[in-house]
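Have your viewer ready and try each task before reading on.

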Amino acid sequence: MGKVKVLVLAGLMAWLPGLVTAQTKVPTPPAKALIEAALKDDRAYAITRDLSTDIGPRLAGTEAEARARDWAVARLTQEGFTNARVETFPLTAWERVIETATIVGPHAQRLEVHATGGSPSTPAEGIVGEVVRFADMVALRAAAPGSLTGKIAFVDDIMPVTEDGSGYGKAVVKRRECASVAAELGAIGCLIRSAGTSEREVHVGQGARGQQGKLPVLILANADANQLGRVLEKGPTQVRMQVQTKVQPEAQSGNVIAEMRGTERPDEYVVLACHLDSWDLGTGALDDAVGCGIVTAAAKLVRDIAGPPKRSIRMIWYGAEEVGLIGAAAHAQAIKGQAGSYVFAAESDSGDGKVYQADFGFGAGTGPVKEAIATALKPLGVARGTDDARGQSDISTLRPLGVPVMDLQQDASKYFAIHHTPDDILEKVDLASVRQNVAVYAVTAWFAAWTTLDFRAE
């Protein structure tokens, strides 16, 4: 073999491994730089502070939520996102006016209560009925037909405190179903124990999703549910319920959308999401102003360190999440024909709890991609989770359209003592935990938008 041929072959052999590596290996993110910067980040906290202060509670369909949309458009523009706009949709808005519950008779006392979202009003003077306690919804469904005629059903199952918040799904069923089940049994109202872990702060939330309920429903603080249970042990007990609400059948809400345009594949979108609306008792700092702060700060941070993304990032601050994912359904319908352009989605909607696990909803052929992401997140204390991610909150409506998703699971140990209660305030936000979340979302966003990896690969 001639000298020239040897040199050419040697050069080819030296070049070939690089070619193979470039084609088969997942790119390595600037994880160290992203993490170091995120752990000093104050932008997410500032967005949380300003939204929960400038607007406060943001109940879906109200004037406050409308002001929040204007605020969000201005803030996202200020943060450097482009084409910030509002995608509007109609809904029936509901607000609480009067809500009381009082034990009548020899043990007369006031109970700490709030109405479920969508609860109808009682007559102005209220209703009085004998209380019948049920351990859970299974027991209520098993009650004999007509057995609750003229009575008030009291569903009393307790939500346990867990890291993954797994007890919430079961505990919240009574909030959504007590009215319809009890109405069929002849009841005139429902009392339910909070689907939360605070002792005296009532955990509120929507009843039947996006609907007006069949019966007035009042939610008891955990301590007051205990108190009512003790009184019931002494004998038959009556409670007076008084609920007055305000309903606007033709209200409006909207999703706030803004973008960071991609340089190579601008028509491929990475969705980073949160929700803008909140319940009305606190200022919505943890649910979900902090989520909006986290995803926005993460995208901005990666741009500062890695430059403009290859794919476009679509920031979606959803409206009317709390009352039944109404904004999520509206957006899914709007992009249904173009869902293929959504190449990845993740949402932050579990407060400020540290991310401890990454779950994937990618295609079957994405094993190396998932392992690379898991490896990059490991220094932040994030474990490789399941391959069954369905998409948190609003983006759960994108998953059925074939959009790849990630669920970044957060420690929920304190969350369910705070969210949907008067304690959902800025003072409960932990800056160190917020920074860890920003770091996790920044690393994840880099894989999604600063590379052209295929998350659908089969």
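**Exercise 1.** How much space lies in the second largest pocket?

*Solution.* Keep in mind that this is a predicted model. The second largest pocket holds about 160 Å³ of space. Finally, sort the lining by class: six nonpolar, nine polar and four charged.

**Exercise 2.** Work out the volume of the largest pocket and describe its lining.

*Solution.* Start with the volume, which is about 930 Å³. Then turn to the lining of 30 residues, where Tyr-168, Asp-349, Ser-350, Ser-393 and Phe-416 lie nearest the centre. Two or more residues each come from helix H6 (167–171), helix H7 (173–184) and strand E14 (405–410). E14 supplies the largest share, three residues. By class, the lining has eight nonpolar, 13 polar and nine charged residues.

**Exercise 3.** Describe how helix H9 (residues 285–306) packs against helix H12 (residues 431–449).

*Solution.* Two packed helices are described by the angle between their axes and the distance between the axes. Here the angle is about 55 degrees and the axes are 8 Å apart. H9 is therefore oblique to H12. The crossing of H9 past H12 is right-handed. Now list the contact: H9 contributes residues including Val-290, Ile-294 and Leu-301, while H12 contributes residues including Asn-437, Tyr-441 and Trp-446. By class, this contact has 13 nonpolar residues, one polar and no charged ones.

Terms used:
Residues are numbered from 1 along each chain as its sequence is written. This is a predicted model: local features need pLDDT of at least 70, side-chain atom pairs count only at pLDDT 80 or more; totals for chains, interfaces and linings use all residues. Side-chain values use heavy atoms; hydrogens and water are left out. Axes are lines fitted to C-alpha atoms, for helices over the stretch in contact, and angles run from 0 to 180 degrees between N-to-C directions. Helices (H or I, at least four residues) and strands (E, at least two) are DSSP runs, numbered from the N terminus. Angles under 35 degrees count as roughly parallel, over 145 as roughly antiparallel, 65 to 115 as roughly perpendicular and the rest as oblique. A crossing is left-handed if the near helix is turned anticlockwise from the far one by less than a right angle, and right-handed if clockwise. Contact means heavy atoms within 4.5 Å. Ala, Val, Leu, Ile, Met, Phe, Trp, Tyr, Cys and Pro count as nonpolar, Asp, Glu, Lys and Arg as charged, and the others, Gly among them, as polar. On a 1 Å grid over the protein atoms alone, a cavity is a set of points where a 1.4 Å probe fits but cannot get out, and a pocket is an open set with protein on both sides within 12 Å along at least five of seven lines; lining residues have an atom within 4 Å of a point. Grid points are joined across faces, edges and corners, and a volume is the space filled by probe spheres set on the points.
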